[in-house]
Amino acid sequence: MLKVKAGELFLSQAALAELVTKDLPNKTAMQLRRIIKHVDPEIKSFDEQRMEVAKKLGKLSEDGQSYTVDDSNIAEFNKEMETLGSTEFTFEDLEQISDLGRAEIKTSMLFTLGWLIAE
């Protein structure tokens, strides 16, 4: 069983993308593929909800690419993001990865993927 909070999933996107580029043992690579298939929809859902909060409490930038939350709404924004980020997902049929083979991984990536990689 694999448990992870929505915020951890969202923050681990770059590390997951980097991990899939590593030479991993075949079994681990298949396991990682399966994990990503299950968590990717949850990451996308979190991002959509995050954008809804930003639209509600922020202002669209001049370039139309991002939202800025001003000081008057930042506390409410942070509160809503904390609530969203603390949502926990349980994937009953998934397990943490324990064999990374000879893959060299940055320490910062290990911290970000703490939910995924067994000690």
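Some housekeeping. What we have is a predicted model, where local features need pLDDT of at least 70, side-chain atom pairs count only at pLDDT 80 or more, and totals for chains, interfaces and linings use all residues. Residues are numbered from 1 along each chain as its sequence is written, and side-chain values use heavy atoms, with hydrogens and water left out.

So, the overall picture. The protein chain has five helices and four strands; here helices are DSSP runs of H or I with at least four residues, strands are E runs of at least two, and both are numbered from the N terminus. Reading from the N terminus, the order is β-α-α-α-β-β-α-β-α.

Of the 119 residues in the chain, 33% count as buried. The accessible surface is about 8,000 Å², with 49% of that belonging to carbon and sulfur atoms; the areas come from the Shrake-Rupley method with a 1.4 Å probe, and for residues, only the protein chains shown count as cover. As for contacts, meaning heavy atoms within 4.5 Å, take the ones between residues at least 6 apart in sequence: 73% of those join residues at least 24 apart.

Now the bit I'd like you to look at on the screen, helices α3 and α4. Two packed helices are described by the angle between their axes and the distance between the axes. Here α3 is residues 26-57 and α4 is residues 71-85, and they pack at about 165° with axes 10 Å apart. The axes are lines fitted to C-alpha atoms, for helices over the stretch in contact, and angles run from 0 to 180 degrees between N-to-C directions. Which way do α3 and α4 run relative to each other? They're roughly antiparallel, since that label applies to angles over 145 degrees, while under 35 is roughly parallel, 65 to 115 roughly perpendicular and the rest oblique.

Who makes that contact? From α3 it's F46, Q49, R50, V53, A54, K56 and L57, and from α4 it's N73, E76, F77, E80, M81, L84 and G85. Sorted by type, that's seven nonpolar, three polar and four charged. For that count, Ala, Val, Leu, Ile, Met, Phe, Trp, Tyr, Cys and Pro are nonpolar, Asp, Glu, Lys and Arg are charged, and the others, Gly among them, are polar.

Back to L57, as promised. L57 sits in α3, and leaving aside neighbours within four places in sequence, L57 is in contact with V69, N73, E76, F77 and E80. L57 and D70 are 13 residues apart in sequence, and 8.3 Å apart C-alpha to C-alpha.

What about T28, buried or exposed? T28 is also found in α3, and with 3% relative accessibility T28 counts as buried.

M30, another α3 residue, counts as exposed at 54%. M30 and E88 are 58 residues apart along the chain, with 24 Å between their C-alpha atoms.

Last stop, α4, where you'll find T83. T83 is exposed, at 52% relative accessibility. T83 and A6 are 77 residues apart in sequence, with 9.6 Å between their C-alpha atoms.

How values were computed: Buried means under 20% relative accessible area, exposed over 50%, partly exposed in between (1.4 Å probe, protein chains only).
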